Amino acid sequence: MSEHNTSNGVTRDEAEEAVRVLLRWAGEDPSREGLIDTPRRVVKAYKDWFSGYEIDPGEYLRRTFKEVAGYDEMVVLRDIEFESHCEHHMAPIIGRAHVGYLPTNRVVGISKLARVVDAYARRFQVQEKMTAEIARCIHDNLHPSGVAVVVDASHECMTTRGVHKRGVSMITSQMLGSFRDDARTRAEFLDFIGIHGGRR
């Protein structure tokens, strides 16, 4: 069945045909038994992997809680696992994000921080950009006195092609507000997530 109501003007049939073209280009026969349903499965997988384009990550942070008894110390959510895809080779990026912020007069449910990470991860990405996007989204919606984001990920475009280096991960960070301006605050966050504490 065709899917005509798409936001970018590409139908499901067109997407499936693109997969068949790639299979033929790779030297395969898309009509053989093992591959006949592959275009449908790939398009379905893409709908899941790239669902972040249909989400406004800031929406997750619009419901906040003010009854926190004056709590203004660091809030940290660490080891948020994610899967993304690099925009250069469309290969998987697998990793973990660590997010912290210093609330002013309101906090957000912790699951919402994980959802923000997922919303940006489920797009074609560059890790540096994704790190900055997560931090900026939290900053712009919660207006905390500081935001810190560290992303640690392995890139399959490096491990399965090109230099073929396994066991290598890339770490990126974005510090805003107090985390950028105050070395002690930054060090406390890094200790919490284990960068200085030897967890890695």
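**Exercise 1. Buried residues of α1**

Determine which residues of α1 are buried and how they are placed around the axis of α1.

Solution. In this predicted model, the buried residues of α1 are Arg12, Glu16, Val19 and Leu23. They cover an arc of only 50° around the axis, so they lie on the same side of α1. Part of what covers the buried residues of α1 is α2.

Next, check the length of α1. The helix has 14 residues, which should span 20 Å at 1.5 Å a residue. The end C-alpha atoms of α1 are 20 Å apart, in agreement with that value. Just after α1 comes Gly27, with a positive phi of about 105°.

**Exercise 2. Packing of α1 and α2**

Describe how helix α1 and helix α2 pack, and name the residues that make the contact.

Solution. Two packed helices are described by the angle between their axes and the distance between the axes. Here α1 (residues 12-25) and α2 (residues 38-49) pack at about 115°, and their axes are 9 Å apart. The crossing of α1 and α2 is right-handed. From α1, the contact involves Arg12, Ala15, Glu16, Val19, Arg20 and Leu23. From α2, Thr38, Pro39, Arg40, Val42, Val43 and Lys44 take part.

**Exercise 3. One face of α4**

Find the buried residues of α4 and state where they fall around its axis.

Solution. Gln127, Met130, Thr131, Ile134, Ala135, Cys137, Ile138, Asn141 and Leu142 are the buried residues of α4. Seen down the axis of α4, these residues fall within an arc of 155°, and therefore line one face of the helix.

The length of α4 can be checked as well. This helix covers residues 127-142, 16 residues in total. From first C-alpha to last, α4 reaches 23 Å, close to the 22 Å expected at 1.5 Å a residue. His143 follows α4 and has a positive phi, near 50°.

**Exercise 4. Surroundings of Thr172**

Is Thr172 buried or exposed, and with which side chains does the side chain of Thr172 make polar contacts?

Solution. Thr172 is found in strand β7, which comprises residues 170-177. Its relative accessible area is 10%. Buried means under 20%, and Thr172 is therefore buried.

Another joins the side chains of Thr172 and Thr131, at 2.6 Å. Both partners, Gln127 and Thr131, are among the buried residues of α4. Leaving aside neighbours within four places in sequence, the contacts of Thr172 are Gln127, Glu128, Thr131, Val149, Val150 and Val151.

**Exercise 5. The chain as a whole**

State how many helices and strands the chain has, and in what pattern.

Solution. There are seven helices and seven strands. Along the sequence they follow the pattern α-α-β-β-β-β-α-β-α-β-α-β-α-α. The C-alpha trace spans about 65 × 40 × 20 Å along its principal axes. Of the 200 residues, 40% count as buried. Among contacts between residues at least 6 apart in sequence, 66% join residues at least 24 apart.

How values were computed:
Residues are numbered from 1 along each chain as its sequence is written. This is a predicted model: local features need pLDDT of at least 70, side-chain atom pairs count only at pLDDT 80 or more; totals for chains, interfaces and linings use all residues. Side-chain values use heavy atoms; hydrogens and water are left out. Helices (H or I, at least four residues) and strands (E, at least two) are DSSP runs, numbered from the N terminus. The expected span of a helix is 1.5 Å times one less than its number of residues. Buried means under 20% relative accessible area, exposed over 50%, partly exposed in between (1.4 Å probe, protein chains only). The arc is that of the directions from the helix axis to the C-beta atoms. A polar contact is a pair of N or O atoms within 3.5 Å; within protein, one must be able to donate a hydrogen and the other to accept it, and residues adjacent in sequence count only if both atoms are side-chain atoms. Contact means heavy atoms within 4.5 Å. Axes are lines fitted to C-alpha atoms, for helices over the stretch in contact, and angles run from 0 to 180 degrees between N-to-C directions. A crossing is left-handed if the near helix is turned anticlockwise from the far one by less than a right angle, and right-handed if clockwise.
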